[in-house]
Amino acid sequence: MRPSLIQATWIVARKDLLIEWRTRTAFISAVVFSMLGLAVFYFAWSPTAVSPADLAPGVVWVVFTLAAILAVQRSFSIELLERAGDGLLVSPVDREAIYLGKAIANIIFVGAIQLVTVPVAALFYGLPFGEVVPVMLGIGALATVGLVAVGTLFASMAVNTRMAELLLPLLSLPFFLPIVMAAGQSTQRLVAGRPMSESISWLKMLVAFDLVFIVACTLAFPYTIEE
Amino acid sequence: MPPTLEATGLTRLFGRQRAVDGVTFALAAGESMALFGPNGAGKTTLLRLLAGLLRPTAGSAVISGSEARGDAHVRGRVGLISHQTMLYPALTALENVEFAARLHGVESPREASLAALERMGIAARQASLVKTLSRGMQQRVSIARAIVHSPAVLLLDEPYTGLDASGAAVLSSMLHELRRAGASMLVVTHNVSEGLAVATHATVMLGGRFASTELVSGMDPAGFAEKYRALAGVEMAAA
């Protein structure tokens, strides 16, 4: 009996995570990239003009956005080698399960990058560790869902093109903008110690974007892999 | 007996190029077609159309009475062996086959995968990462991946590529076994003896069309090779 949508989603996600666990190349690259990004921004700004605490939320979201692109690009490039992706496409699983499986693996992957990077950013920029880290990880989790939902869809479209590395950011970044804006604004307010009520509308917007992008991208995915 | 695999006017254009041009044929259960043709004849494109990996520009491919494209259940009845191994180099041989088994909803996927690897004579390397295996061994794993769900239709694109003599013998015997069990097969090959050994029908494809189809039973391989040379203008590989 062919697997249900949930079973197939898990089979695909598990396979992607196992491959990343074995190779770890993309994870290490993305973490190193994030650390370097944090360092470059730290030294590029004058602390007399903008305090590191004010700078940190924006920097963190720029770095996470670019790290997310690295992560989602990897998810379909592993299917190109030896045309392993054809094996997925000739299987009886729903196309939506392939998308959702890859998106879940990417969410875990990007989440793991954030788990490493957020504490380092807090230490680096002198933020109150205990207060800031849980807040940033919480917002990070919400934003990651939206970023990955869009990025995974566009990665599937870009992977078969000759300029995949260039095309993916070009396609994704305009759609990342509302997510990064909501995440950045809410992080800024919460890190500055402002009351939660000031951030709630941004967080609601983040949840709304997540829902819209998950549904729209899941429905669109089967058409992006048509040849 | 209704055909298991049926193509009607199957056509695929890439721009203005007609890669497959109005191909029509039918194979009943247990029938097998060896497809010969020079490079660029459209053989691989035809296989990808039949596997549902490509959308036909016109015509239809029907498997067990349902359109090959779009019907997930139908896809589950197809096994595909392609030019590439379709394996993940970072996974072991067993993990690759088991992944395919799970996608196809095979009962006891671990046991079925081990049995498929055993059948291809590669069970001893089940725990080896695919990237550490030789090309021939990878091909054996790839074949195990394609048959783990006991497909009713097997589409094989140069399945003997990279196999040594013992691997080729294992593959031939397995294809005979599957055919006896009722599987329909389409085998793309350049090798006349390997192709005719596993087929009930031999077809020459040229310029996206079937130029000739004949029964293999009682056929003289040398005569067929001569006919192929006359049609295609090139020699066939003999062994």
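Me: Hi! At what angle do helix H5 and helix H8 of chain A pack, and how far apart are their axes?
Reply: Hello! This is a predicted model, and in it H5 (residues 95–124) and H8 (residues 196–224) of chain A pack at an angle of about 125°, with their axes 8 Å apart. That makes H5(A) oblique to H8(A).

Me: Which hand does the crossing of H5(A) and H8(A) have?
Reply: The crossing is right-handed.

Me: And which residues make that contact?
Reply: From H5(A) there are A:Arg95, A:Glu96, A:Tyr99 and A:Leu100, and from H8(A) there are A:Cys217, A:Thr218, A:Phe221 and A:Pro222. By class, the contact of H5(A) with H8(A) has five nonpolar residues, one polar and two charged.

Me: What about H6 and H7 of chain A, at what angle do they pack?
Reply: H6 (residues 129–158) and H7 (residues 164–191) of chain A pack at about 160°, and their axes are 9 Å apart. H6(A) is therefore roughly antiparallel to H7(A). This crossing is right-handed.

Me: Switching to chain B. How many helices and strands are there?
Reply: Chain B has eight helices and 10 strands. Its radius of gyration is 17 Å, close to the 18 Å that the globule rule gives for 239 residues, so chain B is as compact as a globular protein of that length. The C-alpha trace of chain B spans about 50 × 40 × 35 Å along its principal axes.

Me: Nice. What's the strand order in the sheet of six strands?
Reply: The order is E6-E7-E8-E3-E9-E10 in chain B, and this open sheet has mixed pairing. E6 and E10 of chain B stand at the edges with a single partner strand each, so one side of each has no neighbour in the sheet. On average, neighbouring strands here are turned by 15° against each other, direction ignored.

Me: Where do E7(B) and E8(B) come in, parallel or antiparallel?
Reply: E7 (residues 153–157) and E8 (residues 184–188) of chain B pair in the parallel sense over five bridges. B:Leu155 is the residue that stands opposite B:Leu186 in E8(B).

Me: And which strands does helix H1 of chain B touch?
Reply: H1 (residues 43–50) of chain B packs on this sheet and touches E3, E7, E8 and E9 of chain B. The direction of H1(B) makes about 150° with that of E8(B).

Me: What does helix H8 of chain B lie across?
Reply: H8 (residues 221–232) of chain B lies across E3, E9 and E10 of chain B, running at about 15° to E9(B).

Me: How many bridges join E3(B) to E9(B)?
Reply: Four bridges join E3 (residues 32–36) to E9 (residues 201–206) of chain B, and these strands run parallel. For B:Leu35, the bridge partner in E9(B) is B:Thr203. B:Thr203 also has a bridge partner in E10(B), namely B:Thr213.

Me: So how do E9(B) and E10(B) pair?
Reply: E9(B) and E10 (residues 209–215) of chain B pair in the antiparallel sense over six bridges. Their hairpin has two residues between the strands, and B:Gly207 takes a positive phi near 55° there.

Me: What's the order in the sheet of four strands?
Reply: That open sheet runs E2-E1-E4-E5 in chain B, with antiparallel pairing. E2 (17–27) and E5 (66–67) of chain B stand at the edges, each with a single partner strand, so one side of each is left without a neighbour in the sheet.

Me: Over how many bridges does E4(B) pair with E5(B)?
Reply: E4 (residues 58–63) of chain B and E5(B) pair over two bridges, in the antiparallel sense. B:Val62 has B:Glu67 as its bridge partner in E5(B).

Me: Last topic, the interface. How many residues of chain B are in contact with chain A?
Reply: 27 residues of chain B are in contact with 25 residues of chain A. On the chain B side, H2 (72–75), E6 (78–81) and H3 (93–103) each supply at least two residues. The largest share, four residues, comes from H3(B).

Me: And what classes of residue are on that side of chain B?
Reply: The side of chain B that touches chain A has 15 nonpolar, eight polar and four charged residues.

Technical notes: Residues numbered from 1 in each chain as written. Chains lettered and ligands numbered in written order. Predicted model: local features only at pLDDT ≥ 70, side-chain atom pairs only at ≥ 80, totals over all residues. Axes fitted to C-alpha atoms, helices over the stretch in contact; angles between N-to-C directions. Parallel < 35°, antiparallel > 145°, perpendicular 65-115°, else oblique. Left-handed = near helix turned anticlockwise from the far one by under 90°. Contact = placed C-beta atoms within 7 Å. Nonpolar A, V, L, I, M, F, W, Y, C, P; charged D, E, K, R; others polar. Pairing = 2+ DSSP bridges. Rg over C-alpha atoms; globule rule 2.2 N^0.38 Å.
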